[in-house]
Amino acid sequence: MRALEKYTFTGFVADLQGNALSNFNGTLLPTVFDKTQNVTTYGNIPTSPVTNFHQQANVLYKGKATVTNGQFSFSFIVPKDINFQSGRGRISLYADDGKMDGNGVNTSFFVGGVGTGLADNTGPTITPFLNDEKFKNGGLTSENPVLLVKLYDSSGISTSGNGIGHDITAIIDGNDRNVLILNDFYTASRDSYQEGQVRFQLPTLSEGRHSIKIKAWDVANNSSVETLDFEVVKQEVLKITQVRNYPNPFTVNTIFAFEHNQPNTDLDVTIDIFSTSGILMKQIKQKINTGGTRNCQINWYGDNQTGAKLTKGIYIYRVIVVAGGSKAENTQQLILF
């Protein structure tokens, strides 16, 4: 297996006698390792002399594949950051179908050298969020958000850390002295070596504006950088922002959306819709609970309390949100046409 070449592995799940299990349908987690390396201990205390030993820890690929009727297959491109000297590699396999699981090891292949290469001079696509994929850049969150990063590259994402500085990293508020290494928090998408995501619990953040700079590399050593801006408001006091409805104007239906600082919390939401003369035309009540901080669950079809369609025109709506003993509200305008 040479650097920057694509390879495919196939195999099957078997019983203890080696017979294929045609009724096994589940998930395979393969990890492919580079060759064994000589490692030297630090010998940093007098009673611990410097010692050499062998270690096979450099990961070439870690992914997820579907097992169907006991059979599996997965592909990947060998990263550029390998030891080019030839040596025996290793693949570790773990499979699970919810009822039983199994594991296996194969060392019958070699790793080394450079292939003909591939035409890839572009870094990965990085799409960051907080808490869930509904989050918008510049949005609101609580003081303990979860960083979610979607990654894609035609050649594959580098997560091995074999090359110096070629890690998935995050830097909060430009603090280069505290670089967060996210390789171990990357999960490949099922049956794809080209994409996956990072989920990482950020440390407790102070109130105010913040930014996170995310950097990632592909297996051809191209990098990309993306920055996510956001505002932190402590969860102890409810706050809502970015109250809006879309589409606006609308004809058939519209969705009410707002941002808040209460993830994983029951929110009692009331939306009152008034005519321009102040008459209450419709009241919507709904309890919501989202893992993120951006709600866009409440749908309205332009009807009044009796279900009749309202006439075309301008209406005023008020969004009231209650969480525990805290309350927040905001008023906006919409157009039905």
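A salt bridge here is a side-chain nitrogen of Lys or Arg within 4 Å of a carboxyl oxygen of Asp or Glu. Please keep in mind that this is a predicted model, in which local features need pLDDT of at least 70 and side-chain atom pairs count only at pLDDT 80 or more, while totals for chains, interfaces and linings use all residues. Residues are numbered from 1 along each chain as its sequence is written, and side-chain values use heavy atoms, with hydrogens and water left out.

By the salt-bridge rule, the count comes to seven. One of them joins Lys287 to Asp268, with N and O 2.7 Å apart. Lys287 belongs to strand β24 (residues 280-288) and Asp268 to strand β23 (residues 267-275), so this pair ties together parts that lie 19 residues apart in sequence. Strands, like helices, are DSSP runs numbered from the N terminus (strands: E, at least two residues; helices: H or I, at least four). How open to the surroundings are the two partners? Buried means under 20% relative accessible area, exposed means over 50%, and partly exposed is in between, using a 1.4 Å probe and protein chains only. Lys287 counts as exposed because its relative accessibility is 54%, whereas Asp268, at 36%, is partly exposed.

Now turn to Glu231, where a network of salt bridges links Arg209, Glu231 and Lys239. The side chains of Arg209 and Glu231 meet at 3.6 Å, N to O. This pair links distant parts of the chain, with Arg209 in strand β19 (residues 208-217) and Glu231 in strand β20 (residues 223-232), 22 residues apart. Lys239 also forms a salt bridge with Glu231, and the closest N and O atoms are 3.6 Å apart. Glu231 has a relative accessible area of 23%, so it is partly exposed; Lys239, at 31%, is partly exposed as well.

Strands β19 and β20 lead us on to an open sheet of five strands, in the order β13-β20-β19-β15-β16 and with mixed pairing. The edges are β13 (139-141) and β16 (180-181), each with a single partner strand, so one side of each has no neighbour in the sheet. Two strands pair if DSSP finds at least two bridges between them. For β13 and β20, the pairing is parallel and runs over three bridges. Look also for Thr141, which stands opposite Val232 in β20.
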